[in-house]
Number of protein chains: 10
Amino acid sequence: MADKGLLETFENEFPERDYTISIRCPEFTSVCPKTGQPDFGVITIDYTPEAKCVELKSLKFYLQSYRNDGIFYENVTNRIFDDLIESLQPRRLRLLAEYSARGGITTNVEVVHDGSGN
Amino acid sequence: MADKGLLETFENEFPERDYTISIRCPEFTSVCPKTGQPDFGVITIDYTPEAKCVELKSLKFYLQSYRNDGIFYENVTNRIFDDLIESLQPRRLRLLAEYSARGGITTNVEVVHDGSGN
Amino acid sequence: MADKGLLETFENEFPERDYTISIRCPEFTSVCPKTGQPDFGVITIDYTPEAKCVELKSLKFYLQSYRNDGIFYENVTNRIFDDLIESLQPRRLRLLAEYSARGGITTNVEVVHDGSGN
Amino acid sequence: MADKGLLETFENEFPERDYTISIRCPEFTSVCPKTGQPDFGVITIDYTPEAKCVELKSLKFYLQSYRNDGIFYENVTNRIFDDLIESLQPRRLRLLAEYSARGGITTNVEVVHDGSGN
Amino acid sequence: MADKGLLETFENEFPERDYTISIRCPEFTSVCPKTGQPDFGVITIDYTPEAKCVELKSLKFYLQSYRNDGIFYENVTNRIFDDLIESLQPRRLRLLAEYSARGGITTNVEVVHDGSGN
Amino acid sequence: MADKGLLETFENEFPERDYTISIRCPEFTSVCPKTGQPDFGVITIDYTPEAKCVELKSLKFYLQSYRNDGIFYENVTNRIFDDLIESLQPRRLRLLAEYSARGGITTNVEVVHDGSGN
Amino acid sequence: MADKGLLETFENEFPERDYTISIRCPEFTSVCPKTGQPDFGVITIDYTPEAKCVELKSLKFYLQSYRNDGIFYENVTNRIFDDLIESLQPRRLRLLAEYSARGGITTNVEVVHDGSGN
Amino acid sequence: MADKGLLETFENEFPERDYTISIRCPEFTSVCPKTGQPDFGVITIDYTPEAKCVELKSLKFYLQSYRNDGIFYENVTNRIFDDLIESLQPRRLRLLAEYSARGGITTNVEVVHDGSGN
Amino acid sequence: MADKGLLETFENEFPERDYTISIRCPEFTSVCPKTGQPDFGVITIDYTPEAKCVELKSLKFYLQSYRNDGIFYENVTNRIFDDLIESLQPRRLRLLAEYSARGGITTNVEVVHDGSGN
Amino acid sequence: MADKGLLETFENEFPERDYTISIRCPEFTSVCPKTGQPDFGVITIDYTPEAKCVELKSLKFYLQSYRNDGIFYENVTNRIFDDLIESLQPRRLRLLAEYSARGGITTNVEVVHDGSGN
């Protein structure tokens with residue numbers, strides 16, 4: 001089950017600098033709560049770290065923890081976003097989730113944190 | 001026949017957040033009112049929900065209800081736009097309709113609602 | 001309803017020559033007999049004419065006549081194939097139908113007539 | 001010979017709305033006045049209608065009327081632009097002409113009307 | 001757990017004809033037995049039916065049944081192949097499994113049954 | 001009007017050698033005899049010369065001579081083929097004509113001369 | 001040797017209009033002054049004319065005049081830029097030179113004149 | 001230093017079956033013995049196993065062992081080929097090495113073992 | 001070992017002009033300090049020179065000096081950035097490092113110096 | 001001037017093995033003897049060595065020696081072919097020359113030596 005405790009961070013060695021880390025995870029999968037069928041998607045995270053960076057292996061394990069969770073597109077996207085914001089407290093963070101076609105329809109969900117509250 | 005009553009919504013669980021949902025429907029078809037020939041197009045909807053999100057399956061049925069309607073490009077696009085605005089009352093919504101070539105000419109129609117009236 | 005009577009032919013002016021006509025129809029649509037949902041596909045026809053060539057506009061009308069028919073992938077492909085063979089009696093004919101993804105799965109059906117009976 | 005009288009319009013049914021119609025015509029051809037050789041190009045028109053929309057079939061005939069005209073790239077582009085402005089009196093219009101390579105060199109010409117005079 | 005009993009078939013209505021059905025399933029996932037990490041792949045099946053065709057929805061459920069199985073690339077591919085051969089007894093069948101990169105290395109496994117025993 | 005007299009040849013300096021010359025002419029246009037509308041296509045010629053090679057500039061002028069001719073796809077392709085065979089008497093020649101979409105349908109015509117009569 | 005005297009212009013017939021001409025020359029070559037080896041690049045010129053347009057054939061000859069010149073990437077780009085500015089006195093001009101890989105490294109140089117001095 | 005002892009194998013569980021395993025390693029690097037500069041390439045291995053399959057992690061380590069070796073393209077390719085043949089004794093094996101451009105020239109080397117001696 | 005002393009510069013001959021030099025190095029490799037495994041990436045540098053330009057061959061040698069260094073993505077990117085800023089003192093500089101997939105995850109790091117301090 | 005004396009070879013260390021070396025040279029240029037204008041092309045050489053391999057740097061210098069030669073497409077291709085055959089005496093060699101468009105027409109020339117005389 002999805003577990004934000006899996007997310008680990010390491011110290012940003014260049015905290016005075018404004019730079020961007022972009023991470024693309026094309027192997028995301030969860031389960032549709034209505035049909036029980038697996039959903040597949042690509043998660044992209046672009047962020048400017050403040051004091052902490054996300055450790056990549058822990059991010060992989062965190063995203064894998066959704067594998068057998070039943071959860072809607074909009075909600076899974078917002079929940080990953082919330083967990084990353086809480087864990088990293090970044091200057092800026094953009095989360096884009098691109099889901100595979102269902103019923104001939106493709107859906108993306110994008111959430112942006114621009115550092116001015118939310 | 002096109003029926004906006006088919007559109008269903010569900011409650012946006014993150015109404016305080018400004019985020020974007022993008023939906024791509026590559027299997028849209030209606031009928032040209034002049035020639036009676038079928039038209040084909042791709043409908044893309046990008047929106048920021050306020051209180052409501054569009055339910056994807058109902059959107060599919062709604063778009064399918066144009067299948068045997070005779071209606072011009074410009075009008076079908078604006079009508080889908082009007083129905084989505086009325087149904088979702090979104091903060092922002094952009095509708096792009098890309099129609100297949102006819103007579104060697106390709107046509108797109110794009111309508112944008114930016115939240116400030118229309 | 002699908003009507004092979006719509007298919008018209010014209011005389012091949014180069015019957016002594018072995019040449020190939022390839023036709024690609026990316027706007028094919030019919031209806032799934034189980035779910036009532038529209039299916040979409042691309043029909044490709046490669047053939048070597050004997051005495052007759054298919055008239056393109058009539059081919060378009062013939063393919064459009066499947067628009068509201070409920071019929072499975074495998075059967076629609078084989079039926080179009082049968083109608084073309086009967087109508088054209090070509091030296092060779094290959095029919096490829098590529099259907100859009102359903103449930104994350106894409107299906108093609110290909111039938112080949114090589115002139116030696118079937 | 002190029003004839004702007006061929007351009008027909010129809011009434012924009014959504015005059016109060018700011019939306020965009022994009023038209024791509026990949027089959028434009030005229031003749032080089034210096035060499036008498038045919039030139040080929042792709043004409044793209046993006047516009048926001050005021051009271052009138054261009055009728056697509058008439059646009060096709062209008063563009064075909066350049067087929068045997070000898071006229072330079074820069075001039076044909078500006079003349080089509082002038083004719084469309086005069087005929088549509090649009091809020092905004094952008095015309096892009098992309099010509100095929102000649103002598104190993106490719107040329108595009110782009111004219112923009114932004115609604116503030118010209 | 002992977003269950004070949006999930007595979008359902010329907011009768012081939014054109015058994016006297018030699019034709020090809022191609023199915024592409026880009027959403028296959030299982031688990032590496034050594035690391036416990038999920039693997040992702042694309043399964044492609046090309047076959048010529050004899051008396052039976054595979055029912056697509058049942059194929060999807062069958063492939064989904066590998067979701068939490070720990071099994072190596074080479075073995076999962078050969079096991080799916082065996083199950084399809086047993087279930088369909090096709091004239092010909094080709095199975096291609098393309099797995100996502102691991103450690104910078106991409107692996108495909110392809111098994112072909114050409115109808116002459118195996 | 002199409003004029004095969006425009007085709008010029010030059011002597012093949014390597015007549016004892018079996019090699020291939022491939023020519024691609026993406027700017028072919030003629031007129032549909034039924035509708036009077038221009039057709040556009042791409043002509044590809046692959047040939048192995050015997051004693052003569054086609055001069056490229058003369059080939060361009062020859063293809064341009066179809067510009068205002070009303071002629072069907074199948075016939076224009078076969079006529080160009082006949083003219084090239086007569087003019088070049090090549091060991092082998094393949095002509096592929098790919099026409100732009102009309103009514104949502106794309107058509108190619110391919111004629112092959114393999115040196116053994118026709 | 002590079003000779004800016006080769007550049008010819010013609011009168012801009014629409015001097016009151018702000019429009020853009022884009023020219024792409026993928027066949028540029030000069031010589032590296034250090035190694036004597038040929039360099040290859042693609043030159044792109046986007047400009048808004050004032051009173052004069054560059055004549056395309058003369059531009060081709062001008063760029064060809066660098067063929068046997070030994071000159072560094074940065075300098076050849078800036079020199080072409082200077083010659084075009086002097087010759088055309090355009091409202092705006094952007095020059096992009098994209099050079100082929102050397103030692104596994106690709107280099108582009110871009111110079112922009114925005115009309116406000118330089 | 002390149003060490004074929006790094007290659008490990010595991011038992012082929014389907015030895016009676018003729019199937020193909022394809023492995024693509026886009027991160028190969030060694031050093032040019034003449035210039036001391038690093039070379040980069042993509043190694044592709046397609047093979048039909050007899051009794052043994054190559055273990056993927058060991059293959060990665062084996063290919064990494066060339067990282068600081070000075071060796072020519074042709075020789076490194078043939079040496080990897082020899083080591084794989086010796087280690088796997090496969091029914092068939094094809095090795096393709098695609099090296100990055102040097103001096104504007106790209107080189108591939110391909111070796112094929114078809115099982116009939118070599 | 002990474003050695004910024006390898007970076008050489010040459011005098012910018014157009015210091016009064018604001019122009020951009022873009023350099024793409026697709027053959028960067030270093031070593032992961034945790035696993036000892038090689039990492040691969042593409043380094044892109046876009047900069048506007050002040051008094052100095054980077055000499056391309058020296059840049060290649062400088063980037064090669066990371067070949068056997070154990071260093072994390074974030075740190076190697078920031079260190080190259082620091083060395084370039086110190087060496088070139090450019091008006092503007094953007095460094096983008098795109099690393100190959102590890103564990104199914106792709107990572108980019110981008111640092112921008114816009115001339116106003118850092 | 002083109003000089004086959006520039007071609008150098010080195011000894012094939014695996015003469016008993018049948019393998020293929022593919023070389024792609026995208027930076028070939030010569031001069032049209034009729035117009036004096038430069039031509040550009042891509043030369044691809046695929047060969048199976050007998051006793052000798054072509055040295056890549058010498059091949060580059062050899063191809064560069066055509067830079068200011070006036071020579072037709074068909075002849076330059078056959079001459080390079082003759083020089084390579086004479087210099088390498090390969091088991092098999094295929095030469096493909098792909099020339100850039102002139103007058104809207106693209107030309108390739110391909111010569112194949114299959115080891116059985118010519």
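Residues are numbered from 1 along each chain as its sequence is written, while chains are lettered from A and ligands numbered from 1 in the order in which they are written. The model is predicted: local features need pLDDT of at least 70, side-chain atom pairs count only at pLDDT 80 or more, and totals for chains, interfaces and linings use all residues.

Colleague: In what order do the elements of chain A run from the N terminus on?

Modeller: Helices (H or I, at least four residues) and strands (E, at least two) are DSSP runs, numbered from the N terminus. Chain A has 2 helices and 6 strands. From the N terminus on, the order is β-β-β-β-α-α-β-β.

Colleague: What is the radius of gyration of chain A?

Modeller: The radius is taken over C-alpha atoms, and the globule rule is 2.2 Å times the number of residues to the power 0.38. For 118 residues the rule gives 13 Å, and chain A comes close to that, so it is as compact as a globular protein of that length. Its C-alpha atoms fill a box of roughly 45 × 25 × 20 Å, taken along the principal axes. The radius of gyration of chain A is 14 Å.

Colleague: What percentage of the 118 residues of chain A count as buried?

Modeller: A residue is buried if 20 or more other C-beta atoms lie within 10 Å of its own, exposed if 12 or fewer, and partly exposed in between; C-beta atoms are placed from the backbone. In helix 1 (residues 56-64), the buried residues include Leu56(A), Leu59(A) and Leu63(A). For chain A, the buried share is 37%.

Colleague: Among contacts in chain A between residues at least 6 apart in sequence, what percentage join residues at least 24 apart?

Modeller: The count takes contacts between residues at least 6 apart in sequence. Of these, the share joining residues at least 24 apart is 72%.

Colleague: Which residues touch the most other members of the largest nonpolar core?

Modeller: A nonpolar core is a set of buried Ala, Val, Leu, Ile, Met, Phe, Trp, Tyr and Cys residues joined through C-beta atoms within 7 Å. The largest has 137 residues. Touching the most other members are Leu95(C), Leu95(E), Leu95(F), Leu95(H) and Leu95(J).

Colleague: How many residues are in the second, separate core?

Modeller: Its members include Tyr47(A), Leu63(D), Val111(G) and Ile80(I). The second core has 134 residues.

Colleague: Which element supplies the largest share of the side of chain D that touches chain B?

Modeller: The contact takes 16 residues from chain D and 13 residues from chain B. Strand 2 (19-31) and helix 1 (56-64) of chain D each supply at least two residues of chain D's side. The largest share, 9 residues, comes from strand 2 of chain D.

Colleague: What is the bridge partner of Glu110(B) in strand 2 of chain D?

Modeller: Two strands pair if DSSP finds at least two bridges between them. Strand 6 (residues 105-113) of chain B and strand 2 of chain D pair in the antiparallel sense over 6 bridges. The partner of Glu110(B) is Thr20(D).

Colleague: Which residue in the turn between strand 5 and strand 6 of chain F has a positive phi?

Modeller: Strand 5 (residues 92-102) and strand 6 of chain F pair in the antiparallel sense over 8 bridges. These strands form a hairpin with 2 residues between them. The residue with a positive phi, about 60°, is Gly103(F).

Colleague: How far apart are the nearest C-alpha atoms of chain C and chain G?

Modeller: Chain C and chain G do not touch. Their nearest C-alpha atoms are apart by 33 Å.

Definitions and conventions: Contact = placed C-beta atoms within 7 Å.
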